[in-house]
Amino acid sequence: MADRSMPLGPYAAVFAPLPTAGRAEAVRRRLGEAIALGLLPDGSMLPPESDLADRFGVATVTVREALGTLRDDDLIVTRRGRGGGSFVKAPHDGGRAALLTRLTRVGLGELRDLADHYCAISGHCAALAAERADPDDVARLRRLAALRPEPDEPSATPRQEGTFHLELAATAQSARLTREEMVLQREIGPVLWLADAESGAVRHREHEAVVEAVALGDPAAARARAEDHVRHLFDAVKSLHRETRSRRAP
Amino acid sequence: MTTTMTDTDVARWVSDFGQWVFGQLDDIAGLLEAPLSAPAPRRSDLAIEQRCHELLADPQTPVAGAGAVLAPDVLADAPYWLEWWTVESRGGTTVIAKLAAETDPRAVGFRDYTELPWYAKPFESGQRHVTGPYVDYLCTDQYTLTFTQPLVVDGTFAGVVGVDVLVAWFEEHLLDVMEAVERTCVLVNAAGRVVTSSDPTWVTGDLLRGLPIEAWLSGDEVDHAAWSATRCEGLPFLVLSPR
């Protein structure tokens, strides 16, 4: 079956079809990682077993087996009856430990390379958006930039960051750049957002600065603001990387 | 019999295309009237699969997606629902797939479609609407035009019916028409965004700013130093030609 997981946006890969061998284990690993990394936030409901089976391209019984293991690992809870379903039970640290482990496996050089790539994509999307945004686009970007996470919903921050960058790419009118933005978000998004949150910096104004340059139709300023923003996010990641590694050093 | 085409012919082609698309939407809406008039309709009552499959499978039609999107709480067994199919070519064969949309508001990846322009505009205006060209990152992943119109059952708004047309298809076919016209032709939407252009100075996706698009669309005779405009009957599009 084709991967048609529409409104999942950047989460689409979490539900993409799987290779044939060891499928229950593969389903468990894919969902388990997504939960550990915070891609699937605490309390959110998983699609029904039959939908998951369709998306992964496996039998319903395979999905059921995988969900059973996740339940044993205390990563999901399943409630029966009306309003029931399987709900994500995020690790107590919000996936921090899993993200940090992943981060220490990435070299600084690779981080720098990812930062370069993300800067190029975001910067160019912002510059094109400044040339091509119509008033409806500007209004939508302003609305997204003005969003603030509710204190009781920590998972809203990644979603708002991610959606803002995706909409910026879509405003550039480039399907290719938009797809590239999605790939980058899947690869590095959760680490970026964790590092940003831990740095304690206030980043909302940076989105607003990008939008204002886009609204003014100033491509050079929009590019510069977007690149600054991505650079600051990666500075936070590099600091976190250094701290994590030095804590592990003998 | 004249062999020279004018911008009026281009506008007529676009208009005819729109009329064909909205005719298909009338058909789909007609199929939904009976099931949605019954008390407590369910997802399985929506009998449009065959019609949508026919549209998507026919290589002569440019439809990349088709279906209906229901207003919240119209169905008894789903608060939000997209009855939607898409098609894509893979190595010469076409694959039609039902859209696996997340429709539980509590779930990850749920997106409240009632805020999106292809739903919100027909809901607010009660009129047909064309969204785009835009990057449809939720569905086709392509540069897309989405045609939608209100689905009204017993005088009540019950959602929208719609089809997606890839901008690439539209451009390829409209360019055949435009190339027979001596003057430069630029088709723009209501925001002044270029849909198709016969001159590489203006390219699909570019924005032409500072033009009296709204006045032109409402039929006012507005003289402009640089451009003349021709309306495309029934669509929020204009064919512009440099003077």
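Chain A has ten helices and two strands, where helices are DSSP runs of H or I with at least four residues and strands are E runs of at least two, numbered from the N terminus. Walk along the sequence and the pattern reads α-α-α-β-β-α-α-α-α-α-α-α. Keep in mind that this is a predicted model, in which local features need pLDDT of at least 70, side-chain atom pairs count only at pLDDT 80 or more, and totals for chains, interfaces and linings use all residues. Residues are numbered from 1 along each chain as its sequence is written, chains are lettered from A and ligands numbered from 1 in the order in which they are written, and side-chain values use heavy atoms, with hydrogens and water left out.

**Chain A**

Of the 250 residues in chain A, 50% are buried; buried means under 20% relative accessible area, exposed means over 50%, and partly exposed is in between, with a 1.4 Å probe and protein chains only. Take the contacts (heavy atoms within 4.5 Å) between residues at least 6 apart in sequence: 72% of these in chain A join residues at least 24 apart. The accessible surface of the chain is about 11600 Å², and carbon and sulfur atoms account for 51% of that. Those areas come from the Shrake-Rupley method with a 1.4 Å probe, and for residues only the protein chains shown count as cover.

With a relative accessibility of 6%, A:E161 counts as buried. Its side chain makes a polar contact with the side chain of A:H207 at 3.1 Å. Here a polar contact is a pair of N or O atoms within 3.5 Å; within protein, one must be able to donate a hydrogen and the other to accept it, and residues adjacent in sequence count only if both atoms are side-chain atoms. Setting aside neighbours within four places in sequence, A:E161 touches A:W193, A:H207, A:H229 and A:L233.

**Strands in chain B**

Over in chain B, strand β5 (residues 143-153) has ten of its eleven residues buried, so the rest of the structure largely encloses it. β5(B) has pairing partners in β4(B) and β6(B); two strands pair if DSSP finds at least two bridges between them. Strands of a sheet pair through backbone hydrogen bonds, either parallel or antiparallel.

| Strand pair | Direction | Bridges |
|---|---|---|
| β4 (residues 129-135) and β5 of chain B | antiparallel | five bridges |
| β5 and β6 (residues 156-166) of chain B | antiparallel | ten bridges |
| β7 (residues 186-188) and β10 (residues 238-242) of chain B | antiparallel | three bridges |

**Helices in chain B**

On the α1(B) side, B:W20, B:Q24, B:D27, B:I28 and B:L31 meet B:R51, B:C52 and B:L55 in α2(B).

**Backbone details**

A cis peptide bond joins B:G132 and B:P133, with omega at about 5 degrees, and B:P133 is in strand β4 of chain B.

B:D73 isn't a glycine, yet has a positive phi of about 70 degrees. This residue is in the loop between β1 (63-70) and β2 (81-90) of chain B, and at 60% relative accessibility B:D73 counts as exposed. B:D154, also not a glycine, has a positive phi of about 50 degrees. B:D154 belongs to the hairpin of β5(B) and β6(B), which has two residues between the strands, and at 61% relative accessibility B:D154 counts as exposed.
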